[in-house]
Every structure is written in structure tokens, then in C-alpha cells.
Amino acid sequence: MTERIDVIIIGAGHNGLVCAAYLAHAGMKVLCLESADSAGGMSASRSISDDYHFPGLAHVAHPLSRAIRQDLKLDKFGYTPGKAIDTVSLDVDGKHLTIGSTGVSGEGLPARDMSAYAEFRERYLAFAKAVRPLFENKPPRLKDMDFPDKTALVRLGWNLRMGLGRESMYEFLRVAAINIYDVLNEAFEDDRLKGAIATDAVMGSAMGPRTPGTVLTWLQRLYGEQSGPLSMQSGQLVNALTQSAEHAGAKLRFGAHVEKILIENGKAFGVELAGGEMLKARIIISNADPRATLTSLVGAPQLDAMFANRVAQIRGSGVVAKLHLALSGKPEFTGLPESQLGDRLLVAPSMKYIEHAFNHSKYNECSGSPVLEITIPSLHDNSLAPDSHHVMSVNVAFVPYELEGGWAEQQSTIAYKVISQLGQYSPNLKSLVVDHEFLTPRDIEAEFHAVHGHWHHGELSIHQSFMMRPLHGAAQYDTPVDGLFLCGAGCHPGGGLTGLPGRNAARRVLGPGGAK
Amino acid sequence: MKFDHTHFRQALLRTPFHDRFVELSTTEEWMAWNTYKVPRVVDKLPTEYFAVRSGCAVMDLTPMEKYRISGRGARDYLDRLVTRDISKLKAGRVTYVVWCNDEGKVIDDGTVFQLGENDYRLCAQHHQFDWLLMSARGFDVDIQVETHDVAALAVQGPTSWSVLAAAGISNLEQLKPFGIADLRCGDIPVTVSRTGYTGDLGYELWMDPANALQVWDAIFSVQGQYDIHAMGLSALEMVRIEAGFIMPGFDFNTAEATIRNGYDRSPFEVGLGWVVNLDKGHFTGRKALLAEKSRPAKRRLTKIVVDGNKPVGEAFIYDGKNGKQTGEIKCATWSPILKANLALADIEFINGRLPAQLWARIDYQRELKWHSAWAECHSHSKPFYVPEYRSATPPMRY
Amino acid sequence: MNNYDAIVIGAGHNGLTNAAFLAKAGMRVLVVEKNPYVGGATVSRELHAGWKYSNCSYVCSLFRPEIYNALDLGRHGLKVIPLVSSMTFKQDGDYFGSYSNPNIRRHELMRHSQRDADAAIRFDADVMRWCRLIRGFLLRTPPDPGSFRPRDAFEFAYLMKKFHELSESQLYEFIRFFTMSIAEYLENYFENETILAHYSGGSIIGTGLGVYSPGTAYVLLHHAMGDVDGNVGAWGFARGGMGAVSGALASSFQAYGGEIRTDAEVVNINVSGNRATGVELASGEKLSARVVVSNLDAKRTFTKVMNEKDLPPGLLQRARNFKIRGSSGKLNIALDGMPTFPSLPKDSSLTLGHMHFTDTLGRLEKAYDDWKDDRWSADPYCDTLIPSQYDPSLAPPGKHMMTVFVQYCPVEPEGGWTDEKRDQFGQTVIDQIADYSPDFKDLLLHAEIRTPRELEDEVGLTEGNIFQGELTFDQLMFNRPFPGYAQYRGPVKGMYMCGSSTHPGGGVMGAPGANAAREILRDLKKPDSTPAEFSDD
């Protein structure tokens, strides 16, 4: 070891890269360690049968915020927000509903819902805008606030009271903590529309539409919408982030699996890699799941007992499986024009349907009628599959982490069930499947080191949000171990491809009391 | 301990020695200790007190919570649990410990017995199983409750060694304070530790409950030779205050059971700074205690001698006569041996130090009429009463 | 002649409390009640000759002692006898009992789990901390977050001060408690399945949420923060049934000169020039008053007895959006003798308290799943009591009265309620009890079965919701019933709300009634006759 390292970042997921890039741009010597052979984590692309490529676990995304793009000069490194895609709520009889950025349309949609949708969207976008100070800063402490904490709270208060206005603030106070089910029933009649919006509120979480707190998860989704409409996720984001970080002097090392964070007298001073190599730095930042970071890399003995127990009690068991299909041709969906095949297709015909699917997952069962989010990435990028072949990427909710009867025996049965369920909407699909990959939450845990295969490294429930995310005592990106910080989706404001945890963590490290 | 469906018929458990106490009790004054029925006073309080200070007193310790901690990680586990450096403890030795929550507030105190390699017994005042298991996350350790499976007897007082020797427990003379020895009483195996809560010469005997009465009877069989008395908890309260021992849950609120913010206490605040080792590596509460140490002290549980002879049970302490209220008495006793009013008081510091002049305002009754009086208090840094013979090895023979 | 200072609509316990304080302050007050009897949901009714049923609310704990004292309810005949235990029967023939004797309680916990017995100490201290915090707000009017008035700023400051008395980590823990599900909250303490199920039950009573739904941990407080003579968390029986509570309130009210008219249903609150002027009865009779107070739930108040034209824009929508979610049923049963429960030893005292038959969190959650699909729970959570064991006035000698509160029961099952379906629902409950008491069915003389339909039709509680609106965080404090209307004042001058739809919410507490009276007297610049809280430091 000759070169001095200021910061070691564990994991080169998109948040780790954002954090690395920010710190490198600020002049710190950053080394980012990634156990896989490439960067990106859940947003890194993957392949099956060599010829079929998939955009990764996260197949759709909103663009990164303008601030991050500018700060990290991402556009210079080839980042452009993708082409907007619509969302189609599939109907088994072919009466699909299309939700685009301009509005909602579809056969049998009540006219009232059309106008209500515009109003509804506007109101909730205003709410999402109002809470920006909360999202874009470290969550304020409730005692011993520092100046940034106070400013964030004052700005939040101002946005709510003055920005939204009194009546709208009252409405925000009412809905902020309730379930999406009630809110959607108040606003709309059409089941497909309610099903589609509710899917966005619950996808990735162990929550049904009736679970209180699902308005908040939906607001978190809408936060991303402020930077631009939903598009297909591609490797571009990870490439741009990697280049930005490297350009600023950050080093990335692949195949470097961190086994242990080294601590002496309550202060982190380095990491130990698998194989025994030790690397030292005065600041260690973990992009890994906070549970894995604190329990495995740090270890409960280095923490206070109650804190260690609270870490173990962080809730977050993945309920989304990923089905990747290699197809020998283009699938057809009954009643869906070919022009819409490239959109995001949802199988979530009603909130009741979603709730039933969720019910099963509570008891470690897998519903026979899961909620599906389908994309065909090869329609957007023909390099992903051989000529005239296609790849289909399907998020399957609600698939439990622990399955009654065990996964080993049932994994392929369940994958085939999902394929035949898809067949109800796309009659030719089954005949096109040449290969498939079904990643259960267990596989996601094994591949991406996300504890219990949870996308967001911990449930986005209210009691695990803001100054309680991932848990109090480690909610301002720092941890009880001096010099150890967190920057992943397990931190405020949580999952999704926003880069905010990485950015907020970097600012925390650079801010007062950070890089001391 | 196995409970059946009918346990509700008897709200308090009986220790293996209970029948003997029933035979000896003339006062019928019982109380609950850790859901066991134990005597407050067996016969006469002054007799029981002076048995500790001049003869030999026998007290039932069975209700004390006892935990067996074993396994490869036992030592590291204990080191992370308690504030003291356990790595220095040797097999066959006992040490006094205190443990804190994450905020550095005292959960309980107790003693760690190292019975063998990777084999420890932790004795505690309060119910600790939940906390011990929570603390076990990440350690290779096995924790068992053995409160009900080990009978325990305290034999205390200047003649205690002579009594035990006469009762048939030999090879005890070389046992040093805080030492443990596996011995026999006749042919019954008994583990003896030279420990106690009285500040006097004394031993604690640990045995299978099935043998408890035989050991008791062996001890009392030499009653003709020595003055031996069964003792209740009232006498213990007197001698433990004289010895300067604190009692969590009585002298201060234990952290786990504290409802009101600020009503719990750190080890520094209860005068246990001497068992806190901030340099030994991580333990629960270390960070909070480091921070506390960097700030001026706010309060301390202080040993005081109160002038006069008025009972000082529940008085406030003032900064000077008629001054500002600055503390309160937590426990107190008249010391028959020192002829002094002793107390432990929780006193708020002024400008980081103990107020120079401490006065107590004492409300007391005479023939059912209440009176009020001021009495000056004098702080004391050492235990009030430490008999010299206490630590002699071998002890003085009678 | 028909000119009153105040008319209170509904003679429920909050309406009567409110009226009594107004009368005590010297006002001429009339309470109008649609039923031929007073009490609303705090009643004792003889529906089977010789038996008295507390056929709605059935136990008493939350009722504020300050109100009891200020209205002299003891002299007006109210006696609350503490209840000694609660228990859960297990499917395997065992049971878990929570005894009031702390030593026995500990041994029983130890019988199921040594660890849980110790964890209970931590649990009790933590829950008591939250109880103490919330209790301090019960007899206060919540501040309005949309207002800039000094009074609201002061009340906010008080709120902040109270919260600031917690340590930083306690603050976060409180927020977590406030937003977590009861099951997950309890899992922070306990490991034993039966103990978890036993302590979660209180959090779903009356609530359209499941044990795993965020927000249910808080509901626990509405079953834990009451007290009987200083024993926080203790429950009691009102001697003579819950009608004794409303009886004493009515008697106190009348002693202050108040007037009650039963069989007088209000169909409209009359408004003129943005000011309430009185009420119109179903008979067509009009009564006028300076002040009109509604003890009805917020939804009923604004959608049924107020005219849309008198309401500001948007308010009706908010009333419709107010979450009521009827989810409970009730059985009141006359028994020919004391049923036996073979799981319990003969001399067990556990039949004297709450008895439950649901021993796992999974069963509780599945009961909720049924309700979500508009079915009554096939395996319901039942809070069962036999108060006649204490109270000889409820049943003939040797006979008994049983009250069974049932969670969950839908507002409307598929196709709507019929008497037949109601009886099937009742049979489900009876079968569950009979599983644990073989002679129960033989002793059964009469059962009154109440679904949300009966509760709404008879008592007037929308969807039969016992709390007049869900106790979820979106509907508490300054959000109850809706933000901007949490200070008991209605949308027009002289119109007020005093039911459980207002802060601090449901349970036989009396606090909404007293708080509303304080606000009314303040507006009329009359001396405050309502009590200050007993300081609880």
C-alpha cells in the first residue's frame, strides 16, 4: 500500500457510485470496492444463454435529478434520460388501459376518472414537490439539530403551509400516512386505473393497497417523476456514473469482496477483503444493506446491545421475484396494439387482486395470481437479443422470501405458473420461450447481498423512514462506529434509482462533523 | 423452573430452606423477593444485625437471579456486557460488575463467578434474561437461568469461618476474598465463595436444592458451640448500608424499568466509576459513558452521615440549612455499631461538584405526632464500616 | 318557551358529559335523543326478561376521573369495580392468563417463556411512557396546524414541550410506536406466540386494520391508558352495566337543571346567516338555541343532519372521506348458569376477566383478511366477559350474562345483511366459544346478535364503528375528525361537535364532551366548568 486512500466505499451499486463520484469531485481519494465483476449492483445488466441480455433487476427508472446530473456532469459522460414509456394496465379480455404522462385512456374508462386523474396527479405531484427538502437532505434529528437540519425543517414547513396552502396542507396531513386504497377509492371508479396506481405504491414492498403508509411509498415514486417520466433502465446510467467517478480520480476495484470492517476503539480504520488483504482509510462508507453492514461486516459485538437488536429487527423481506425470458420472437398481447408493446405492462386488474396476492405472501405462500410488471427491453435496444429474438423482463409480486414447503422444490413450478399466467394475456408467449431465469428473493439475496432479497434494503414503512431509516442512531448516514457511514437504499430516502442516499451521504461526509 | 397450571394458587414461591425459616420465625414477617417468600425479620432485628457483626448470621440467597454463561464466546460476551474488564478475571475468582444500556444507564449490578474455562455464573438483583439474550447476538455463548436450580445460603459474620469449619466444611482457611472453592459439607458437594453483601467476613454457599436442608442442618448443628442466627432482609439492609453497598432498583431506578426520562442513572452517577473501564474495547454504553465523562458531573449517589439520631428515611437534602433543595435520601439506617445515622443520598452537583454544606430536613413522628428538624450531613467517600478482620486469610479462628 | 341556551343532539356519554358541564356553567340545556332511552352506546338494556345487557360498550377504563369527580358521578350512583385479569385460550388445551397479582402474572409468563417474563418489564415501562405522554393531551384542545393564532402557537409549544421531555431516542421510539403494527411492535419484546396474540388483541378491537397493519400499535393505548383508581391499564365494570355511566351522567346533568327529551330524533340543524339557530325534530317540531352541539359522529353530522348548502365547499367531501370502517359485532348472551371451561382449573379466577380464543398472530391476521373481503371472520377474535360474576344486578341469582365483542364483522357482507346472515354470524361466534366450553350451548337462553347494521340502526353509529371513526394517525389529534375542525367548532357559528369523532377519540372517556364544553364556554365568555387534568407527573 503506497497510495493514501481517504475513503473506501463498499459496493458499486448506483448509490455507491454517486457517493464515490461526489467525494472524488470534492477532492477526496476514493476507492470503491465491488465484489461482482462489474459495477451497478441491482442496476447492472445480466445475461442468460450468452445471447440474451437484460437491463438488470431494475428494468424501468425515472431520470436522475437535474442536480445530480449537473453536479457529476453525467450528461458529459453519456447519460441521457431514456424515451418515456407509458404504463398499460392489462385486462384479461383485452380492454387495456393506458396511463401516460398526458393522461389516462382506455375502453370503458368513466369520463369522470379521466378528469379526476389529471387533478389527482397534479395534487400529488405538488405533495411530492413540497416534501423535497426532506428527501434531498439528511433527515433532521429531533433533538440537537444542526443548522442544515433546521433549514430542512423550516423549508419543509414553509412548503407545506405556504407552498401548498392551508387546505392542501390539511389534505396532505390527512393522506400522508394512510393507505393508497382509500385515497384511490375516493378519487376513482375504474378498477384497472386503481390497480395500476396501487401497483406503483406497493411494488417492492411487503404491503398491500390497504396497508397504511402506501401513500407515502407512492409519493416516493412520484418524487422521481419530477425529474422526468418513466423510461427503460439501461446500462448508460451505471456507465456514466462510473466514468464520472473515475474521471474525478476515484478508483474502482472489482472482485473485491469485503468481509470485515476493521475497528479499533470504536473507530473504523479499514476493511478486510476475502483472502485477507487489508485496506486502510479514515472513512468507510457502505453501500451494502445496513443489516449486512452492521451485523456481518461490523458485527454485533462492536455495537451496543440494544442497537444491535434494533438492527436485527429492521423489517425488510423481499416480495418481488424477477422472471427473465429469452424469446424466439415477438410476443403478442390480446387487444394490445404493437405500438404499445414497448410500454410497461401491468397485471394488476384491481386493488382487490393486489390485496389478495399480498395476503398469500403474509403467510409465506405464493399467490396463483401474482401482480406482474412486464417490459420487453429488446424492443428498445435490439442489441439485447439475437435478430428477431426478444427478451422479456417481469417483476413478479408478491413472492415470499420464505416459501412454505421450501423453495428448492417449488422454484421451477412457480416460474412455469407465472409463464402460463402471462399466457392468459399473450397467447403466443409460451411457444416463444427458449430459456428463462427466475430469481426469487432468495436468489436476489445471494446475488446482490440484499438481506432477504429486499430491493430497498429495508421496508419503506413509515417507522423505517426519515429519521428512523434504517434505524435511529444511524439515520444521518453515520453510524455508532466513528468513521463508518452508510450510503445505500437502506438509508433515507430509500430505494429506487434516485441516487439520493448516495448524494446525501456524500454531503454528510463532507459536511460539519463528517470527515473529521 | 417448571410451572404447572395451578401455580396461581400460591403467589410466592418457596425456597428449599423455607421450612426451616417457618420453624424459626417468631415474627411471621414475610416479604416477596423475586417472587419468593422470604423473611423480613425472623426473630429479633437487633439479634440478627449483631449476628452479622459479632457472631454468625445465615441468610437465604436462593431468590437471587443466577445465570450460567458458557461457551467459547463467554468471556468476550461478558466483556461486551459489563463495564469492567473481565479478561483479567481468573478461574475460581469472583468480581463485582455493573452493566448498562446503550445510553450508559445502569441496568443492574451483580457478581461474575468464573467457575471454569468458558464457564461463568452471573448473579443479578433483577430479572436479566431478556437483556442477557439481547446482548448475546453475535456471540457463541449459551445462557441458562439457574435461579431455581441452585440453592444459595449466605453465612456471614466474624465467626462464619469457624462455624463452617465446625459444620464439616474443611479446606476453607486458604480461600481469599472473592475466591471460589468446590468443597464438601460432610459428603455433600458445596461450592463456597468468599463473598457477601454485609461488609463483614463471610461466605456464600451454592448447592443442589435437594441437599439444601442437609447443609442448613449441618451449619445449625454447631449452634451449641457458636451463636448462629437465621437472618431476614431487614438486618441485611442495615449492614449493607454500613458497608456502603448500593442496591439498584432501590437506591436508583434501573434503566430497563425507567419510565420517566432522566430518572435512570449512569455508573458514574451512582459512584461506580471505579468499575468502568473505557479502554478495554467495546461494551454496551461505552460511547455514552465516554461522552458523559467529558462533561462535568451532574449528580452522585453519595454516602452521608447525618447528625443526630432522627430516622432519616425519606428526607430531602438542601444546599445549606434553608438552602436550595439539591437531593434526596435514597436509603438510610441507624448504625448500632457506629451509633450514627447513615444514608445514601442522590445529590445534584452545583458547578460540577458536591455542594459544600449539606443539610437534611427530617420529618419524624413522636407518639403519632409529626415533627420537623434540620440536621447537617457529612459526605463520606469510604464505606462507613470496614472491620479489619474481614479480609484476613486465614480468618481469625474462634 | 322552546328557547334554550344549548341543545345537544344525542344522549350518548359524551353528549351527556358535554351537556352536564354546560348546565353546570349555568346554561339552559336540552339534550335530544332519538331513542326512548338515554346512553347511546353506554346502555344497560333488559332485552331478555331478568337480564341486563351492556349491549354496546361493556367495560370501563378510559372514563376520565377528573370528569367523574367534577360531575359528582359517585353520588349519582356510578360504581366502577376493577376487573382482575385477561386470558387467551390455546387450541392445544392450554391457556395464557394475565393476572393482576404481579407475582402470579410473572409466573404465568415464565410458564410460557422465561425470556418474555423478563421482557415484560421493559414492555410495561415503555408502554407506560407512551401512556403518560398521551394522557397529558386527553383533556386539552389540539392546536390547529393551519392557524397562526397565539393560542394555537401556545398549544403547539405545549405539545413540543411534552415531547421534548422524552430523550432523543425515546422520541424516535415513540414515532415508531405510533406508526408500527402491533404485531411487529410486540415482536420487539416477546417471542411466545400466545403471549404475542394475547397482547395484540386490544389493538384491533373496533379497528378496521389487522395486527400487521401499521398504526395498530397506537390503538393499544386506547385499551391501556385508562385507569381504575390510579391503576393505569386496569379495566373495570360499571355496576349495573354501562347504562350506569350514562345514568349517572344524566342524573348529574338533571341536577344542574338540564332537560332531556327522548324519542326526539333530530333531522336537521337549522342554520341562518352562517349561524346555527336550533334543530328540527323528525316530528317537525323546531327548537331554537344559541348553541347546537352534535354528539353524532362526524360523518352523520355533516351528511345527515346538516344541509349541504350550509356547509363550506369541500367539507361534505371530507366528511365522506372520514374513515369509519365498521368492523365489529357484538353478542349479548343470557346464560342459565356459569359455563365451564375445561382448560381452566376449577378454582381459576380467569373467568372473571377478559377471555379470548385466538392464540396466534396468524389467526388474528386471517380474521382480518376475511373482513377485507366483506366476510365476517370465520375464526373471529372475541373479547368475552361474564360480568354477572361480580354484579348481581345483571342476571337472576345463579344465572349469568355474557358479553362477547367480535372482531371482525363487515359493514355489509356480499349481498347485504339479512337476519339469517346475522344469525349465521352469531353462530360462528357461539361455535367458537363452545369449542372451549362444552356446556355453553346448553346454558344459552337468549342471544342478542349485533352486526354493524344493528349498531348503526339502533345507536346511530355510522357503520357501527365504536370509536365514531378510525383511530389511525391520520385521524388523531389536530386531524380528528378533519384538519381545521379539530377544535370542536363546526363550520357555522354556534355549532359544535362533542362525540368520539373528535379528539381524543373513542372509548367511554367523556373527554371529547368535556373538551367541547370548554370551547363552547370560552366562545360564550362564560366561566369554565370543566375540570383541569389531574396532574400526572
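A strand, as the word is used here, is a DSSP run of E residues, at least two long, numbered from the N terminus. With that in hand, let's start at C:Ser85, which is found in strand β6 of chain C, residues 85-89. Keep in mind along the way that this is a predicted model.

Is C:Ser85 buried or exposed? Its relative accessible area is 6%, and because buried means under 20%, C:Ser85 counts as buried. Setting aside neighbours within four places in sequence, you will find C:Ser85 in contact with C:Ser98 and C:Tyr99, and also with C:Ser349, C:Leu350, C:Leu352, C:Gly353 and C:His354.

Now turn to chain A, where helix α12 (residues 305-312) holds A:Val311. This residue is buried too, as its relative accessible area is 1%. Not counting residues up to four places away in sequence, A:Val311 touches A:Pro290, A:Arg291, A:Leu294, A:Thr295 and A:Leu471. If you look back eleven residues along the chain to A:Ala300, its C-alpha atom is separated from that of A:Val311 by 9.0 Å.

In soluble globular proteins, nonpolar side chains tend to be buried together. Here the largest nonpolar core has 230 residues, and those with the most contacts inside it are A:Tyr124, A:Leu323, A:Met392, A:Leu422 and C:Phe190. Helix α4 of chain C (residues 114-135) gives this core its largest share, nine residues. Another core lies apart from it, with 68 residues that include A:Ile261, A:Leu297, A:Phe307 and A:Leu486.

What surrounds A:Tyr124, leaving aside its neighbours within four places in sequence? The residues in contact with A:Tyr124 are A:Val175, A:Val183, A:Val215, A:Trp218, A:Leu219 and A:Leu222.

Next comes the meeting of chains A and B. The size of an interface is often given as the accessible area lost when the parts come together. For chain A and chain B, about 1300 Å² is buried between them, 48% of it on carbon and sulfur atoms. The contacts involve 16 residues of chain A and 14 residues of chain B. Between these chains there are 13 residue pairs in polar contact, with both residues at pLDDT 80 or more. The rule finds one salt bridge across this interface. A:Asp482 forms a salt bridge with B:Lys287, and their closest N and O atoms are 3.1 Å apart.

Finally, look at chain B by itself. Its domain assignment gives domain 1 (12-62 + 150-231) and domain 2 (297-382). Taken over C-alpha atoms, the centres of domain 1 and domain 2 of chain B are separated by 33 Å.

Note on methods: Residues are numbered from 1 along each chain as its sequence is written. Chains are lettered from A and ligands numbered from 1 in the order in which they are written. This is a predicted model: local features need pLDDT of at least 70, side-chain atom pairs count only at pLDDT 80 or more; totals for chains, interfaces and linings use all residues. Side-chain values use heavy atoms; hydrogens and water are left out. A nonpolar core is a set of buried Ala, Val, Leu, Ile, Met, Phe, Trp, Tyr and Cys residues joined through side-chain atoms within 4.5 Å. Buried means under 20% relative accessible area, exposed over 50%, partly exposed in between (1.4 Å probe, protein chains only). Helices (H or I, at least four residues) and strands (E, at least two) are DSSP runs, numbered from the N terminus. Contact means heavy atoms within 4.5 Å. Domain bounds come from an automatic or database domain assignment. Buried area is the accessible area (1.4 Å probe) that two parts lose on being put together, summed over both. A salt bridge is a side-chain nitrogen of Lys or Arg within 4 Å of a carboxyl oxygen of Asp or Glu. A polar contact is a pair of N or O atoms within 3.5 Å; within protein, one must be able to donate a hydrogen and the other to accept it, and residues adjacent in sequence count only if both atoms are side-chain atoms.
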